[in-house]
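Here are some notes on the charged side chains, as promised. Have the structure open while you read.

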Amino acid sequence: MKRLHVHVSVEDLDKAIGFYSALFATQPSIAKPDYAKWMLDDPRVNFAISTHSNAAPGVDHLGIQVEDGAELQEVYGRLKQAEGPVLEEGKTICCYAQSEKSWIADPQGVSWEAFHTIGEST
């Protein structure tokens, strides 16, 4: 089952963790000095914040997280049909996780990633 991913760049991580923990009624499932993530089931979203992005504060990127390789290939097929240049990053380490991913930008320039998390990383 797929999960929507939202990544927001923030200036003050502690203040943002307080805000989103209150909004989601739970603490982050991962909290690092520059990053925090909530894996929510209602709504089904991987919501992450960080201070390490090169982007201005606000929405950094959106994505679709999948649970296995077959779903990832399905989403990759959709990216190719979207008629935009696809950056196939492949296996990588990002956001304290090992993943396989590809990127595309929508017509407005919003970055979208499609990814499968394989494991944790330091």
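**Notes on the salt bridges**

1. Start with arginine 3: its relative accessibility is 11%, so this residue counts as buried. Keep in mind that we are looking at a predicted model.

2. Who does arginine 3 pair with? Its salt-bridge partner is aspartate 41, and the closest N and O atoms sit 3.4 Å apart. This pair bridges distant parts of the chain, with arginine 3 in strand E1 and aspartate 41 in strand E3 (residues 35-41), 38 residues apart. Aspartate 41, at 59% relative accessibility, is classed as exposed.

3. Next, look at arginine 44, which makes a salt bridge with glutamate 67; here the closest N and O atoms are 2.5 Å apart. Arginine 44 belongs to strand E4 (residues 44-50) and glutamate 67 to the loop between strand E5 (58-66) and H2, so the bridge ties together parts 23 residues apart in sequence. Both ends come out as partly exposed: glutamate 67 has a relative accessible area of 46%, and arginine 44 has 24%.

4. Through salt bridges that share partners, Arg3, Asp41, Arg44 and Glu67 are joined into one network.

5. Now for lysine 2. Its side chain meets that of glutamate 74 in a salt bridge, at 3.5 Å from N to O. Lysine 2 is in the segment before strand E1 (3-9) and glutamate 74 is in helix H2 (residues 69-81), so this contact ties together parts of the chain that are 72 residues apart in sequence. On accessibility, lysine 2 is partly exposed at 27%, and glutamate 74 is partly exposed as well, at 38%.

6. Which residue would I check by eye? Glutamate 71, another member of helix H2. Glutamate 71 is buried but has no salt bridge, and the nearest side chain of opposite charge, lysine 2, is 4.2 Å away.

7. For the overall tally, a search of the whole structure turns up 7 salt bridges.

Terms used: Residues numbered from 1 in each chain as written. Predicted model: local features only at pLDDT ≥ 70, side-chain atom pairs only at ≥ 80, totals over all residues. Heavy atoms only, no water. Salt bridge = Lys/Arg side-chain N within 4 Å of Asp/Glu carboxyl O. Helix = DSSP H or I, 4+ residues; strand = E, 2+ residues; numbered from the N terminus. Buried < 20%, exposed > 50% of the residue type's maximum accessible area, 1.4 Å probe, protein only. Lys, Arg positive; Asp, Glu negative; His and termini not counted.
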